[in-house]
Amino acid sequence: MVAMMLLVPVAQRHDPHYRKLLWSEHAGTLRYLKLPIEKLVLPMKEYLYPEEEDTSLIENYITTLVRRIVKQTRCPVPYAIAVHHSAMYLKRSNRLAVQMRAQVEKLWDRDIANTLLHYVPPRLM
């Protein structure tokens with residue numbers, strides 16, 4: 001129940017300040033958000049679109065994935081959010097995205113690297 005309420009303000013339609021708080025200062029709490037995707041109060045597309053523009057958030061998403069703070073099996077909603085926004089940003093052609101993609105290609109964790117580099121966005125209604 002707490003996870004349901006905590007996730008509402010981090011939807012993309014809300015102020016990015018709330019996403020930054022959760023994904024940086026309180027990133028450790030992400031591992032406790034074990035709510036299945038089907039129990040979200042808002043549809044999953046609310047968390048995935050529009051795509052994130054804030055590069056500090058993209059860095060936070062990638063960091064939580066690399067450090068395994070969020071895992072698909074343990075906390076599927078934060079994991080899906082982090083993978084989606086990170087991967088979609090890495091597909092861009094701007095200088096920072098290209099640099100970040102080069103770093104992801106060098107990751108020792110090939111599972112995370114492959115997940116991000118070969119991501120196909122879900123078809124959501």
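Author: Let us begin with the order of elements. Helices (H or I, at least four residues) and strands (E, at least two) are DSSP runs, numbered from the N terminus. Read along the sequence, this protein follows the pattern α-α-α-α-α-α-α, which amounts to seven helices and zero strands. The model is predicted: local features need pLDDT of at least 70, side-chain atom pairs count only at pLDDT 80 or more, and totals for chains, interfaces and linings use all residues. Residues are numbered from 1 along each chain as its sequence is written, and side-chain values use heavy atoms, with hydrogens and water left out.

Reader: What share of the residues is buried?

Author: Buried means under 20% relative accessible area, exposed over 50%, and partly exposed in between (1.4 Å probe, protein chains only). Of the 125 residues in the protein, 42% are buried. By contrast, Glu25 in helix H2 is exposed, with a relative accessible area of 62%.

Reader: Which residues touch the most other members of the largest nonpolar core?

Author: A nonpolar core is a set of buried Ala, Val, Leu, Ile, Met, Phe, Trp, Tyr and Cys residues joined through side-chain atoms within 4.5 Å. The largest one holds 40 residues, and Leu7, Trp23, Leu30, Tyr47, Leu65, Ile81 and Leu116 touch the most other members. Helices H1 (2–7), H2 (16–25), H3 (45–48), H4 (55–66), H5 (76–90), H6 (95–105) and H7 (110–117) each supply at least two residues of this core. The most come from H5, which gives nine residues.

Reader: With which residues is Tyr47 in contact?

Author: Contact means heavy atoms within 4.5 Å. Leaving aside neighbours within four places in sequence, the partners of Tyr47 include Leu7, Val8, Leu40, Ile81 and His85. In the protein as a whole, among contacts between residues at least 6 apart in sequence, 73% join residues at least 24 apart.

Reader: How is a pair of aromatic rings described?

Author: Such a pair is described by the distance of the centres and the angle of the planes. Rings of Phe, Tyr and Trp (its six-membered ring) pair if their centres lie within 6.5 Å; planes under 30 degrees apart count as stacked, over 60 as edge-to-face and the rest as tilted. A search of the whole structure finds one aromatic pair. The rings of Trp23 and Tyr61 have their centres 4.6 Å apart and their planes at 90°, so this pair is edge-to-face. Trp23 lies in helix H2 and Tyr61 in helix H4, so the pair ties together parts that are 38 residues apart in sequence. Both Trp23 and Tyr61 are buried.

Reader: What should be noted about the backbone at Pro50 and Arg68?

Author: The peptide bond from Tyr49 to Pro50 is cis, with omega near 0°, and Pro50 is placed in the loop between H3 and H4. Arg68, in the loop between H4 and H5, has a positive phi of about 60° although it is not a glycine. Arg68 counts as partly exposed, at 33% relative accessibility.
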